[in-house]
Every structure is written in structure tokens, then in C-alpha cells.
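Please look through the sequence and the structure shown here before reading on.

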Amino acid sequence: MTKVLADYAASDATSLGRQFPEKAPEHRTEFQRDRDRIIHSAAFRRLEYKTQVFVNHEGDLYRTRLTHSVEVAQIARTIARALSLNEDLTEAIALAHDLGHTPFGHAGQDALNEKMREYGGFEHNLQSLRVVDELEERYAEFQGINLTFESREGIIKHCSIPNAHNLGEVGQRFINGTHPSLEAQLTNLADAIAYNSHDVDDGLRSGLITLQQLEEVTLFAEPYNEVIRLYPELNERRTTYEVVRRIINMQVSDLIETTKQILKQKQPDSINAVRQAGESLVLFSNNMHKNNLELKRFLHKNLYRHYRVHRMSSKAITIIHELFDTFMSDTRLLPPDTAQKAKLLDTELGISGKARAIADYIAGMTDRYAIREYQRLLDPLEPT
Ligand code: MG
């Protein structure tokens with residue numbers, strides 16, 4: 001079956017291309033090639049050992065950044081296909097969207113951002129772009145993996161104006177208020193659908209939140225009541241799965257139907273018209289948007305700020321701060337290639353350059369590597 005893309009979809013024909021021009025791929029589309037480069041990157045493999053909410057060693061069944069990214073790709077591809085959008089580009093953006101995450105989830109990123117405040121700050125979204133543009137070292141002729149403009153545009157979801165000025169063309173939309181492709185817009189929302197629903201699942205599995213608590217949340221209560229009505233004898237685990245997949249399905253269907261209506265009304269005739277539309281064209285209905293916010297608030301209050309999550313976050317902050325300070329005061333403690341980079345960037349950009357090289361090194365660590373590195377460096381009884 002040949003897949004027909006809508007006029008407003010991204011395509012090879014309208015792609016703004018790569019920073020370093022390359023011959024067109026023989027057996028794949030340009031965006032398939034992007035996706036494949038992402039899958040083969042070292043940063044992608046490291047996602048397996050990076051925290052989503054629960055630190056990797058807390059249990060084998062919780063989501064990691066890797067399984068989260070795969071779930072985002074699954075949800076995003078469903079939406080893309082239903083809207084006749086470019087599934088390959090959607091998948092590439094989904095798989096790359098978290099490549100720049102530090103170890104230990106948001107606690108790790110906030111800790112590194114605090115340390116980098118005087119040196120230009122640290123933002124995981126910008127870092128994801130930095131990974132594919134600069135930090136992956138796999139090609140003879142360029143730094144990074146030389147993705148298409150459309151994949152890079154999709155990776156950079158938000159960005160401050162000062163940072164946007166340093167990003168060249170891919171930063172322009174934050175300055176002139178235009179929008180990214182529909183594929184990028186939908187992947188952003190697929191990310192939220194994925195984490196809201198899998199955090200409910202992981203939260204229940206861990207025992208940090210309960211079914212009783214969740215009954216006050218509309219998005220949960222409706223499918224939950226349906227499931228216990230249909231299957232009153234079902235055990236708690238299977239009940240949870242039945243509810244969680246309904247939550248995903250309700251959101252995906254709502255997003256597809258609402259967006260179809262918007263596209264029918266606005267009739268963008270090209271990806272360029274999408275970029276110039278003056279507003280996002282991929283949206284939830286007002287009602288679903290409201291219910292999503294309610295669930296998000298619930299998770300913030302009851303899961304992300306749970307004292308057991310906070311204990312791990314607090315350790316994470318100590319580890320990131322100590323690693324950063326230790327390397328800043330003595331770059332000879334860095335592995336030789338990172339020390340070399342720190343020296344080079346220090347010469348080029350001064351102390352912020354050195355700090356950036358150290359932030360890149362720390363951001364690239366997995367949870368367990370950061371813990372080991374902390375022990376090796378700061379515990380006198382540990383072997384170095
Ligand atoms: Mg994500």
C-alpha cells in the first residue's frame with residue numbers, strides 16, 4: 001500500500017535539508033535515515049539507564065528514558081498516520097526528544113542548571129539538539145549526526161530568546177513567532193500523553209499512589225468506573241492496565257478528532273502554511289486539556305513530590321553538584337578526552353567553555369555511572 005501524505009505533511013521534497021549536504025539515501029527516505037542515525041547513537045543507548053521518575057536501580061519494571069521514548073514514538077506514529085502526516089519524521093523526533101536528559105530526571109537537570117547559571121545555563125531540550133548537532137562523534141566529515149532541519153526543529157521544543165539567537169535557522173521561530181511542523185507539534189503532545197499515563201502505572205506499581213487517591217481525578221475515574229463495572233472480579237494490576245490503556249486511547253482519539261477539525265477549518269496547503277499559521281494546529285479539545293491538567297497536578301502533588309521520590313532527588317542533587325565542583329576545580333580528574341575538550345573550550349570561550357565541557361560530560365552520564373563516578377572521586381576508600 002502506498003502511503004499518501006497530506007499536503008501539510010513534511011516530505012523529502014520540501015525538506016530544508018541538512019547542515020552538511022549529503023547524497024540522498026538509496027533505500028530510505030531522509031527522515032528514515034534520521035531515525036536510524038538516532039537509534040545508532042551512543043546517547044540513545046544511554047537512555048536505557050536514565051531515570052524517568054524512578055531511578056534505574058529501584059526496579060526493573062519502571063519506565064526508563066528509553067522505554068518512555070519508545071512509548072512516545074508508538075503514540076506519535078498512531079496520531080501521525082491517522083492525520084496522513086509523515087510517520088518517519090514523527091518517529092525520529094520522538095526517539096530523539098529526550099537525548100539530552102541528564103541522569104536522575106528533572107532533579108538532575110535542575111541541579112546542573114543551577115551549577116551552570118553563570119555559564120549560560122543548562123536546559124535538557126537544548127542539550128538534545130546539542131547531542132545530535134555536536135556531541136555524537138561518529139562521522140569523518142562532521143560533528144554530530146547531521147540530521148535534517150525538520151528533525152532538529154522538532155527536537156527543540158522550547159527555547160529562550162537569547163539562546164534562540166545562538167541556534168541559527170532552527171532558532172528563528174522562537175524569535176519571529178512561527179511554528180514547527182505538525183509532526184513536531186503532535187510529538188510534543190504524544191510525550192505528555194505517554195508520561196501522564198505511564199506515571200500513573202508506575203506510581204501505582206510502586207505503591208506511592210493508590211487507586212483510591214486517583215478516583216478524584218476525572219481522566220482516571222471515568223475509565224476506572226467502566227472497568228470495575230465490566231470486570232468487578234479483576235485483580236488490581238490488570239484493572240490498572242485496563243484503565244491506563246483507556247486513558248491513552250481517550251487522549252489519542254481526542255487529539256486526532258480535534259486536530260482533524262482544526263485542519264479542516266484552516267486548510268493549510270503546505271508545511272510552510274503550517275509554520276506561518278500563527279498558532280498551534282495540533283490540540284486537545286478544551287475538555288481534554290482541562291482533564292489533562294488535573295491529572296498532571298495530581299501527579300505533581302502526590303507522586304513527583306512524594307517524600308520517597310524527594311529522597312532520591314536530594315541525593316541526585318548532591319551527586320551532580322559535587323561532580324561539577326570537583327571537575328571545575330581540577331580538570332585533571334576528567335577522563336583525558338573530556339579534559340582535552342575542557343581545555344580547548346576554555347581557550348576558545350574562557351571559563352564558560354570549560355564549564356560547558358564539564359556539563360556535557362555530566363549530562364551524558366547514566367544514573368549508575370554518575371553514582372559510580374561520585375564514589376570513585378569522593379570516597380577515599382573506593383578504588384579510583
Ligand atoms: Mg519526554
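## Helix 4

In this predicted model, helix 4, which spans residues 87-96, is mostly covered, with 10 of its 10 residues buried. The buried residues include charged-type positions such as Glu87, Asp88 and Glu91, and they also include Leu89, Thr90, Ala92, Ile93, Ala94, Leu95 and Ala96.

Which helices do the buried residues of helix 4 pack against? They pack against helix 1 (30-39), helix 2 (42-46) and helix 3 (65-82), and also against helix 6, helix 7 (149-155) and helix 10 (182-206). At the start of helix 4, a side-chain oxygen of Asn86 comes to within 3.1 Å of the backbone nitrogen of Asp88.

Thr148 counts as buried because its relative accessibility is 1%, where the cut-off for buried is under 20%. When neighbours within four places in sequence are left aside, Thr148 is in contact with Ser15, Gly17 and Arg18, and likewise with Glu30, Phe31 and Asp34.

## Met116, between helix 5 and helix 6

Met116 is found in the loop that runs between helix 5 (105-115) and helix 6 (124-135). Is Met116 buried or exposed? With a relative accessible area of 0%, Met116 is buried, since that value falls under the 20% cut-off.

Apart from its neighbours within four places in sequence, Met116 is in contact with Gly121 and Phe122, and also with Phe324, Ala355, Arg356 and Ala359. The C-alpha atoms of Met116 and Ser352 are separated by 8.4 Å, although these two residues are 236 residues apart along the chain.

## The chain as a whole

The protein chain contains 19 helices and zero strands. Its radius of gyration is 22 Å, which agrees with the value near 21 Å that a compact globule of 384 residues would have, and its C-alpha atoms fill a box of roughly 60 × 50 × 35 Å along the principal axes. Of the contacts between residues at least 6 apart in sequence, 71% join residues at least 24 apart.

Buried residues account for 53% of the 384 residues, while the chain exposes about 18900 Å², of which carbon and sulfur atoms supply 49%. The protein chain carries 47 positive and 55 negative side chains, and the centres of these two sets lie 2 Å apart.

How values were computed. Residues are numbered from 1 along each chain as its sequence is written. This is a predicted model: local features need pLDDT of at least 70, side-chain atom pairs count only at pLDDT 80 or more; totals for chains, interfaces and linings use all residues. Side-chain values use heavy atoms; hydrogens and water are left out. Helices (H or I, at least four residues) and strands (E, at least two) are DSSP runs, numbered from the N terminus. Buried means under 20% relative accessible area, exposed over 50%, partly exposed in between (1.4 Å probe, protein chains only). Contact means heavy atoms within 4.5 Å. The radius of gyration is taken over C-alpha atoms; the globule rule is 2.2 Å times the number of residues to the power 0.38. Accessible areas come from the Shrake-Rupley method with a 1.4 Å probe; for residues, only the protein chains shown count as cover. The place of a charge is taken as NZ of Lys, CZ of Arg, CG of Asp or CD of Glu. A polar contact is a pair of N or O atoms within 3.5 Å; within protein, one must be able to donate a hydrogen and the other to accept it, and residues adjacent in sequence count only if both atoms are side-chain atoms.
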